[in-house]
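The sequence and the structure come first.

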Amino acid sequence: MMAGRASATALLVALSVWRRGAAHGLPEIAIRLAGEALHAAGGGWRALRWLARFAAGRWCLDRVEALLLPGLARHHVRRKQWLWRRLQSAPPGSRWIWLGVGFDGLGYAHRAGSPGTAVIEFDHPDSLALRQRLPSIAEATASTPPALPLALPRGASKLIELCQQAPSTLIAEGLLMYLSPRSLLRLLRALSQLPTPPALWFSALEPTVGGGHGFARVHAPTRSWLRRQGEPFRWRLARERLQALLRRYGYRVEAVWDGEGFGEYVLCASAR
């Protein structure tokens, strides 16, 4: 991330949710928060939000996306749609720890529809500074615990301590690929050694291939944009190899979203 600025990739996901979230059944609070984040970010993000309100503007955005990374917005909202459906089927009273929450509203929606559910949200302090300015967040802070600052891998010990306190599910959507492989392995090892390791829901990237689609595509403009934002992808791993790695740490994969060929998938795993 660029120092002093909210995550550009989190804002890009917010733009996708603002554009396509309603058509994919995402809860209203998720769409509203996405729009508020784009407005609060100002500059080009505010202009993109305005464009997405109109049919002609959405057509323009679709054409630009088709040139740069076709299917990106649809991928973002389908990933969130899959997670939202799993959240809705989770037992009441669960405890969720959401890493890199960005400008997501699924935790708020899940908490509202599942009494007794605890959702603890974390994000990098620079993104959190923008999130806390959003009108919907300000209205909710009287009854809902605010998101907390956490920057990985420096804050890993704080996360481990929290996971020790009660059985939990750790959600890291579109986040772990920005950590170094060594930092990720250390985190997995520490989590697996807890008396009650948390369940893990997280996304990862497939290796690039010739003629690949989406994130599986070797695409210089995408890599360049991510580097300029200070958010380059640091690792990729085929789904089968990542599942084998999780087994080494005592985890069993229970559900998979294959990403529909876009090059990013989601695994839900629990400790044996």
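The lining of the second largest cavity comprises five nonpolar, one polar and two charged residues. Its lining residues are Tyr 108, Glu 121, Leu 128, Arg 131, Gln 132, Ile 137, Pro 146 and Ala 147. The model is a predicted one, and the volume of this cavity comes to about 40 Å³.

In total, the structure holds two cavities of 30 Å³ or more. The largest cavity has a volume of about 80 Å³. Its lining divides into 11 nonpolar, no polar and no charged residues. The residues concerned are Leu 170, Ile 171, Ala 172, Leu 176, Leu 184, Leu 187, Leu 188, Leu 191, Leu 200, Trp 201 and Phe 202. At least two lining residues come from each of strand E4 (169-172), helix H10 (181-192) and strand E5 (199-205). Helix H10 gives the largest share of this lining, with four residues.

The second largest pocket has a volume of about 200 Å³. Its lining is made up of 14 residues, and those nearest the pocket centre are Thr 222, Arg 223, Leu 226, Phe 233 and Arg 236. By class, the pocket lining has six nonpolar, four polar and four charged residues.

| Helix pair | Angle | Distance between axes |
|---|---|---|
| H1 (residues 8-20) and H3 (residues 43-51) | about 10 degrees | 10 Å |
| H2 (residues 28-41) and H3 | about 140 degrees | 6 Å |
| H5 (residues 72-88) and H6 (residues 106-113) | about 20 degrees | 11 Å |

Helices H1 and H3 pack at an angle of about 10 degrees, which makes H1 roughly parallel to H3. On the H1 side of the contact are Ala 8, Leu 11, Leu 12, Leu 15 and Trp 18, and these meet Trp 45, Leu 48 and Arg 49 in H3. The residues of this contact divide into seven nonpolar, no polar and one charged.

From H2, the contact takes in Gly 35, Glu 36, Leu 38, His 39 and Ala 41, while H3 contributes Gly 43, Trp 45, Arg 46 and Arg 49. The classes here are three nonpolar, three polar and three charged residues.

The remaining pair in the table is H5 and H6, with an angle of about 20 degrees between them. The two helices are therefore roughly parallel to each other. H5 passes H6 in a right-handed crossing. Lys 80, Trp 84 and Leu 87 in H5 are in contact with Leu 106, Ala 109 and His 110 in H6. Four nonpolar residues, one polar residue and one charged residue make up this contact.

Definitions and conventions. Residues numbered from 1 in each chain as written. Predicted model: local features only at pLDDT ≥ 70, side-chain atom pairs only at ≥ 80, totals over all residues. Heavy atoms only, no water. Axes fitted to C-alpha atoms, helices over the stretch in contact; angles between N-to-C directions. Parallel < 35°, antiparallel > 145°, perpendicular 65-115°, else oblique. Left-handed = near helix turned anticlockwise from the far one by under 90°. Contact = heavy atoms within 4.5 Å. Nonpolar A, V, L, I, M, F, W, Y, C, P; charged D, E, K, R; others polar. 1 Å grid on protein atoms, 1.4 Å probe; cavity = no way out; pocket = protein on both sides within 12 Å on 5 of 7 lines; lining within 4 Å. Points joined across faces, edges and corners; volume = space filled by probe spheres on them.
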